[in-house]
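Here is a quick tour for someone who would rather look at a fold than read a table. Keep the viewer open and follow along.

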Amino acid sequence: MISDPLILSIVLIFFMFVFLLSSIWIGASLLLTGIVGMLIFENNLPPVISIFDKIGDLLASSMYDSLNSWSLAALPIFILMGEILYKSSISTRLLNGLTPWLNFIPGKLLHVNVAACSLFAAISGSSSATTATVGKITLDELKKRGYSKSLAIGSLAGSGTLGFLIPPSLIMIIYGVLSNVSIGKLFMAGILPGLLLATLYSIYIMIISGIDKSVVPEEEVKYTKNDYIHSLKDLFPVFSLILVVLGSIYGGLATPTEAASLGVLGAVVLAIYFKSFTFEVMKNALLNTIKTSIMISFIIVGAGFLSQVVGFLGIARAISEFIGTLGLSPMMLILIIGIMYIILGMILDGISIVVMTLPIVLPIIVMAGFDPLWFGIFLVFMVELSQITPPVGFSLFVIQSISGEKIEYILKATLPFFLLMIVAVVLITFFPEIVQYLPKYMTAK
């Protein structure tokens with residue numbers, strides 16, 4: 001039996017990785033880790049039967065507390081909206097509408113991944129859906145037109161992660177629920193950092209295009225006035241949906257859950273308008289929504305149980321006190337935590353990283369004087385990095401399945417955009433106003 005919380009935390013981390021590496025479901029791994037912690041903790045507990053009674057009570061209460069949240073109801077609704085858009089032809093029309101407007105920028109259509117991912121992220125909330133949808137449309141087309149395959153893949157990998165940062169974001173909803181931070185404020189806080197990251201990507205593409213002329217085809221494509229007018233017919237419905245979803249939240253007209261419902265209705269209306277709405281599309285969208293929502297809910301329940309165990313055993317308090325005795329400066333603390341998240345991103349998916357670490361990390365961050373709202377955006381950046389960090393980077397596998405390229409080639413193409421994301425993290429760390437400005441402004445209004 002173990003009584004020292006710090007030693008117990010090391011043991012729990014060891015068991016957690018054993019369970020995860022044994023291919024057990026992530027939610028089950030978290031539950032089992034919590035149970036192990038309860039069983040090996042020496043706290044003068046009653047006989048074994050009473051210990052299991054305590055585990056049962058704690059599990060039941062954590063399940064109820066984790067899922068009994070109206071804010072969490074927005075999660076499956078936003079997933080459904082993204083699935084409808086993904087299954088219909090709306091995403092294709094989005095790309096077609098962007099093409100004429102990007103042709104005159106240095107790098108030309110290489111920017112289409114950045115622009116299309118930014119816009120699709122603003123209506124889907126899912127990084128994987130954004131990467132898959134845009135990638136299926138752009139990669140082959142860019143290759144046919146003679147654009148750099150490496151730059152096309154790299155920009156897709158980097159821009160695809162914007163689905164987590166540009167609202168509505170599934171990760172922000174989960175973070176808001178677990179940390180009691182306003183989801184509406186998180187959505188506002190993600191806009192400027194998301195635009196910052198997209199701008200860094202576009203600047204990089206323009207610089208590379210200026211240095212290496214071979215990444216862009218020489219032939220000039222001329223677009224007429226009618227082409228620009230026709231493109232607006234494809235873009236206007238998408239911009240309208242973004243305005244309805246985000247405008248209703250920022251205008252105080254709807255909660256994120258209500259805005260998600262409006263988004264689903266808008267996605268259905270657009271699919272009908274573009275004549276791509278069928279019974280099969282809706283059925284597949286609903287089935288995928290159910291599968292994804294159950295998977296995420298199971299992980300949240302497991303994380304909620306582990307969180308309560310961590311609190312019950314005094315681990316979070318002990319770790320916070322231990323780090324406090326190290327005398328680390330706030331910037332050194334955030335650097336260590338950032339490195340920790342990058343390492344975790346090599347072996348875990350984004351949602352798991354958030355729900356597993358938040359119970360321990362958030363109290364430490366607050367104690368160091370950081371704003372929980374700012375840390376939510378910082379954490380979203382860390383999750384984005386995990387999407388393109390080998391060997392578990394999910395976006396890498398999505399791109400591999402789309403492009404057919406070897407994972408080594410994709411990693412090499414993605415590296416510059418990985419580094420640009422770290423630059424963005426550094427910028428929001430030293431200039432937290434980038435995150436905090438919009439929420440403060442909108443709240444004041």
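With a relative accessibility of 1%, Ser-395 counts as buried. Keep in mind that this is a predicted model. Ser-395 belongs to helix α19, which covers residues 394-403.

What does Ser-395 touch, once its neighbours within four places in sequence are set aside? The contacts are Ser-127, Thr-131, Thr-161, Gln-387 and Ile-388.

## The chain as a whole

Stepping back, the protein chain has 21 helices and zero strands. It runs to 445 residues, and 53% of them are buried. If you take the contacts with a separation of 6 or more, 80% come from residues 24 or more positions apart.

## Helices α17 and α18

Now look at α17 (residues 350-367) and α18 (residues 372-387). Their axes come within 11 Å and cross at roughly 145°, and the crossing is right-handed.

On the α17 side, the residues that meet α18 are Gly-350, Ile-353, Val-354, Leu-358, Val-361, Leu-362, Ile-365 and Val-366. Across from them, α18 brings Pro-372, Phe-375, Leu-379, Val-383, Ser-386 and Gln-387. Sorted by type, the residues of this contact come out as 11 nonpolar, three polar and no charged.

## Aromatic rings

A search of the whole structure turns up 11 aromatic pairs. One of them joins Tyr-223 and Tyr-228 in an edge-to-face arrangement, with 6.5 Å centre to centre and 65° between the planes. Are these two tyrosines buried, exposed or partly exposed? Tyr-223 is partly exposed because its relative accessibility is 24%, and Tyr-228 is partly exposed too, with a relative accessible area of 24%.

Trp-374 and Phe-378 make a stacked pair instead, at 5.3 Å centre to centre and 25° between the planes. Both of these residues are buried. They lie in helix α18, four residues apart, or about one turn of the helix. An α-helix has 3.6 residues a turn, so residues three or four places apart point the same way. Trp-374 and Phe-378 also belong to an aromatic cluster with Phe-370 and Phe-375. Phe-375 is one of the α18 residues that meet α17.

There is also a charge to look for by a ring: Lys-149 lies over the face of Tyr-409, at 5.3 Å from the ring centre.

## Helix α10 and the residue after it

Helix α10 (residues 170-179) is mostly covered, with nine of its 10 residues buried. The buried ones are Leu-170, Ile-171, Met-172, Ile-173, Ile-174, Tyr-175, Gly-176, Val-177 and Ser-179.

Just after α10 comes Asn-180, with a positive phi of about 60°. Most residues other than glycine have a negative phi, and most peptide bonds are trans. Asn-180 sits in the loop between α10 and α11, and it counts as exposed because its relative accessibility is 73%.

Lys-275 is another residue other than glycine with a positive phi, near 60°. Look for Lys-275 in the loop between α13 (256-273) and α14 (279-312). Its relative accessibility is 78%, so Lys-275 counts as exposed.

Trp-25 is in the loop between α1 (5-21) and α2 (26-40). Is Trp-25 buried or exposed? Its relative accessibility is 65%, so Trp-25 counts as exposed. Along the sequence Trp-25 and Ile-299 are 274 residues apart, but in space the C-alpha to C-alpha distance is 8.7 Å.

Glu-218 can be found in the loop between α11 (183-211) and α12 (225-250). With 75% relative accessibility, Glu-218 counts as exposed. Its C-alpha atom is separated by 9.7 Å from that of Tyr-147, a residue 71 places away along the chain.

Note on methods: Residues numbered from 1 in each chain as written. Predicted model: local features only at pLDDT ≥ 70, side-chain atom pairs only at ≥ 80, totals over all residues. Heavy atoms only, no water. Axes fitted to C-alpha atoms, helices over the stretch in contact; angles between N-to-C directions. Helix = DSSP H or I, 4+ residues; strand = E, 2+ residues; numbered from the N terminus. Left-handed = near helix turned anticlockwise from the far one by under 90°. Contact = heavy atoms within 4.5 Å. Nonpolar A, V, L, I, M, F, W, Y, C, P; charged D, E, K, R; others polar. Phe/Tyr/Trp six-rings, centres within 6.5 Å; stacked < 30°, edge-to-face > 60°. Buried < 20%, exposed > 50% of the residue type's maximum accessible area, 1.4 Å probe, protein only. Lys NZ or Arg CZ within 6 Å of the ring centre and 35° of its normal.
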